[in-house]
Amino acid sequence: IATAAQAGADFYLQLIWVIVLGGICIIFLVEQSGRFSAVSGRTLPDAIRERFGFNYFAFLYLTLALVSLLVLAAEIGGVCIALELATGIHFQWWAIPVALVVWFVIWKGTFGVIEKGVSILGLVTLCFVVGAIVIHPPWAQVARSALPSLPQHDSVHYWFVAVSILGATISPYLYFFYSSGAIEDEWNEGYIGINRIIATGGMSFGSLISIAVLILAAMIFATHGVKFEHYSQLPDLLVPVFGYWGFWLIVASVGIACLGAAMEITLEIAYLTAQGFGWNWSENQRPLDEARFSAVYIMAIVLGALPILVGLDPLTVTIFSMALTAATLPVSIVPFLFLMNDY
């Protein structure tokens, strides 16, 4: 939401092609991660450690853990911003309550509850698609913008935003979390077809929402020369379309999307740690039965909430973490592709 809004505000419709590219890439990566786990019965961290040795896994682990913690901070910050918009209470004060909610749901819930609950509640983000249609953008230009183009101005910023969009779209936590989910749901080779449908449909949904946000920002911000510089501007994306309800749709969309992502990233960090070091792990088991796994996600939540608690701007954390995610993608993608070739 943040990177797409910035892209639309700064470069009108020009950067739609980056979302399309990122969407295609993440569809293939997620589909392959699910297929790998369904066929092999193994998760990615475990297989990477065995295939490339513990030293490489340690490097991968440190890189992904750092990036994931920054992204987690951005997601917790997003929930806090939604609560600030709703209540007027500064986002810092919400860091601890939000962290406690993330912990409580993971501690008490199962993988299915988190997976399906987030999916159902996340449908509220379709309001962006409705808004993008209602605002009547130049559809011919939207279609042309799906093809790569060079910047018309401020090329350094253009490519920085493009990289940030790729980082937001092709986040490693997605395919590591998805791989773990395939094992949690006990997939086998019979799920390969279903896996393709889920990966294609789910990742396409996310890309569609991003494109809709970009269109809204282009039509509302860029056409009036307004820069997207703070999350407090987000209601301006939907209020012109939906009026009073647009404000609450933004609050719900940002809050739910970020809360869901925060829970998934928290679990991904715990999965990565437990699987890489050979510990017992499962979100479907009692937390005390998987004590080390549970301890990792508790620590991740604490570390992820700290940047917001000390007052770092959530939008700054988001843009920086997305760019860093894109820069570190080869660390996880290259060994993953070797594994897919092996199987």
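Buried means under 20% relative accessible area, exposed means over 50%, and partly exposed is in between, with a 1.4 Å probe and protein chains only. I put that first in the notebook for use throughout.

**Ground rules**

I am working on a predicted model, where local features need pLDDT of at least 70, side-chain atom pairs count only at pLDDT 80 or more, and totals for chains, interfaces and linings use all residues. I number residues from 1 along each chain as its sequence is written, and side-chain values use heavy atoms, with hydrogens and water left out.

**Helix H13**

I take helices from DSSP runs (H or I, at least four residues; strands are E, at least two), numbered from the N terminus. I looked up H13, residues 244-277, and found that 24 of its 34 residues are buried, so H13 is largely enclosed by the rest of the structure. Then I checked its length. The expected span of a helix is 1.5 Å times one less than its number of residues. After H13 comes Gly-278, with a positive phi near 75 degrees.

**Helix H15**

I repeated the length check on H15, residues 314-327. Its 14 residues reach 20 Å from first C-alpha to last, close to the expected 20 Å. Ten of the 14 residues are buried, and H15 is mostly covered. Among the buried ones I noted Pro-314, Leu-315, Met-322 and Thr-325.

What do the buried residues of H15 pack against? I counted contacts (heavy atoms within 4.5 Å). The partners are H1 (2-11), H4, H9 (155-169), H10, H14 (291-309) and H16 (329-342).

**The cavity**

On a 1 Å grid over the protein atoms alone, a cavity is a set of points where a 1.4 Å probe fits but cannot get out; a pocket is an open set with protein on both sides within 12 Å along at least five of seven lines; lining residues have an atom within 4 Å of a point. Grid points are joined across faces, edges and corners, and a volume is the space filled by probe spheres set on the points.

The search of the whole structure gave one cavity of 30 Å³ or more. The largest cavity holds about 50 Å³. I wrote down its lining: Leu-64, Val-67, Ser-68, Val-71, Pro-172, Tyr-173, Ile-265 and Thr-325. Thr-325 is also one of the buried residues of H15.

Which helix gives the most to this lining? It is H4, with four residues. H4 (54-87) and H10 (172-184) each supply at least two.

I sorted residues by class: Ala, Val, Leu, Ile, Met, Phe, Trp, Tyr, Cys and Pro are nonpolar; Asp, Glu, Lys and Arg are charged; the others, Gly among them, are polar. The cavity lining has six nonpolar, two polar and no charged residues.

**The second largest pocket**

This pocket holds about 210 Å³. The elements that give two or more residues to its lining are H1 and H8 (139-144). By class, the lining has four nonpolar, six polar and two charged residues. Its lining residues include Asp-10, Tyr-12, Arg-144 and His-153.

**Positive phi**

Most residues other than glycine have a negative phi. I found exceptions. Tyr-12, in the loop between H1 and H2 (16-40), has a positive phi near 55 degrees. Tyr-12 is partly exposed, at 25% relative accessible area. His-136, in the loop between H7 (126-134) and H8, has a positive phi of about 55 degrees. His-136 is exposed, at 63% relative accessibility.

**Cysteines**

A disulfide is a covalent bond between the sulfur atoms of two cysteines. I called a disulfide any pair of cysteine sulfur atoms within 2.5 Å, and by this rule the count is zero. Cys-127 is in no disulfide, and the nearest cysteine sulfur, that of Cys-258, is 13 Å away. Cys-127 is buried at 7% relative accessibility. For Cys-258, the closest cysteine sulfur is in Cys-80, 9.6 Å away, which is too far for a bond. Cys-258 is buried at 11%.

**Ile-298**

My last entry is Ile-298, in H14. Is Ile-298 buried, partly exposed or exposed? With a relative accessible area of 33%, Ile-298 is partly exposed. Ile-298 touches Trp-103 and Trp-107, leaving out residues up to four places away in sequence. The C-alpha atoms of Ile-298 and Ile-106 are separated by 9.4 Å, although the two residues are 192 apart along the chain.
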